[in-house]
Amino acid sequence: MKAHERRTTIMLILLIVVIIGGAFYFFLMPKIRSINTLQAKVATLSRRLSEVRRYRDELNSLRDEVNRLSAQLTLTESRFITGEQVLTVINEIADSARSYQLRLINIEPPDINLISDGKSGSLPVHFRLYGRFIQIGKFIEQLENLQYAITIKEIKISSSPDFYPQVLAEITFDLYKIR
């Protein structure tokens with residue numbers, strides 16, 4: 001090959017390399033940039049997706065907690081009485097006392113205004129009864145088995161030669177009323 005042909009060949013090769021390089025730069029570089037942009041978006045969306053999945057798991061556990069607390073609230077509310085149930089509950093307590101061979105001397109129900117005021121709260125009920133000390137203890141112990149929320153606010157136990165071997169118990173219960 002002559003120098004002139006070599007130069008033409010080299011020029012053609014350089015021209016082909018420049019054309020290929022230009023084509024690569026003008027046609028493939030934008031595609032590579034868009035691929036890089038898409039990869040960055042995919043990485044961002046993957047992070048967001050993992051966050052959403054984590055939040056979904058937290059949401060599921062929170063939903064389970066809400067369901068558990070709702071069931072617990074329903075159970076707790078079922079232990080409260082309404083104004084119409086006050087006398088029924090007092091009678092159940094009195095019947096329970098009688099089942100332990102305790103004699104009821106007096107029952108002071110709560111004030112009628114407390115029963116009918118439409119508010120939630122405690123209703124004090126005062127019982128005076130007498131019987132053997134052990135029977136009174138058993139009666140008090142079984143109160144927790146009633147389906148209603150009842151607390152003992154005050155208890156006084158006294159004895160007297162008039163009714164020995166029995167004791168007199170004055171017990172103030174709080175019944176809990178819901179509107």
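Student: Which residue in strand 4 is the bridge partner of T151?

Tutor: D174 in strand 4 is the bridge partner of T151. Helices (H or I, at least four residues) and strands (E, at least two) are DSSP runs, numbered from the N terminus. The model is predicted, so local features need pLDDT of at least 70 and side-chain atom pairs count only at pLDDT 80 or more, while totals for chains, interfaces and linings use all residues. Residues are numbered from 1 along each chain as its sequence is written, and side-chain values use heavy atoms, with hydrogens and water left out.

Student: How many bridges join strand 3 to strand 4?

Tutor: Two strands pair if DSSP finds at least two bridges between them. Strand 3 (residues 150–159) and strand 4 run antiparallel and are joined by nine bridges. Strand 4 also pairs with strand 2 in the antiparallel sense, over eleven bridges. In that pairing, V167 of strand 4 is the bridge partner of G131.

Student: How many residues of strand 4 are buried?

Tutor: Buried means under 20% relative accessible area, exposed over 50%, and partly exposed in between (1.4 Å probe, protein chains only). Strand 4 is mostly covered, with nine of its eleven residues buried.

Student: Which residues of helix 4 are buried, and why do they lie on the same side?

Tutor: In general, an α-helix has 3.6 residues a turn, so residues three or four places apart point the same way. In helix 4 (residues 133–142), the buried residues are Q135, I136, F139 and Q142. They lie on the same side of helix 4 because they cover an arc of only 130 degrees around the axis (the arc of the directions from the helix axis to the C-beta atoms). The face turned away from this buried side carries the exposed residues F133, I134 and E141.

Student: What covers the buried residues of helix 4?

Tutor: The cover includes helix 2, strand 2 (121–131) and strand 4 (167–177). Leaving aside its neighbours within four places in sequence, Q135 is in contact (heavy atoms within 4.5 Å) with Y100, Q101 and L102.

Student: What is the phi of Q101?

Tutor: Most residues other than glycine have a negative phi. Q101 has a positive phi, near 55 degrees. Q101 is found in the loop between helix 2 (86–99) and strand 1 (103–108), and is exposed, with a relative accessible area of 58%.

Student: How many salt bridges does the structure hold?

Tutor: A salt bridge is a side-chain nitrogen of Lys or Arg within 4 Å of a carboxyl oxygen of Asp or Glu. The structure holds six. One of them joins the side chains of R128 and E170 at 3.9 Å, N to O. R128 lies in strand 2 and E170 in strand 4, so this pair ties together parts that are 42 residues apart in sequence. R128 is partly exposed at 27% relative accessible area, and E170 is partly exposed at 24%.

Student: How does the pair R68 and E65 sit in helix 1?

Tutor: R68 and E65 are three residues apart in helix 1, and so are separated by about one helical turn. Their side chains meet in a salt bridge at 2.6 Å, N to O. R68 is partly exposed at 44% relative accessibility, and E65 is partly exposed at 34%.
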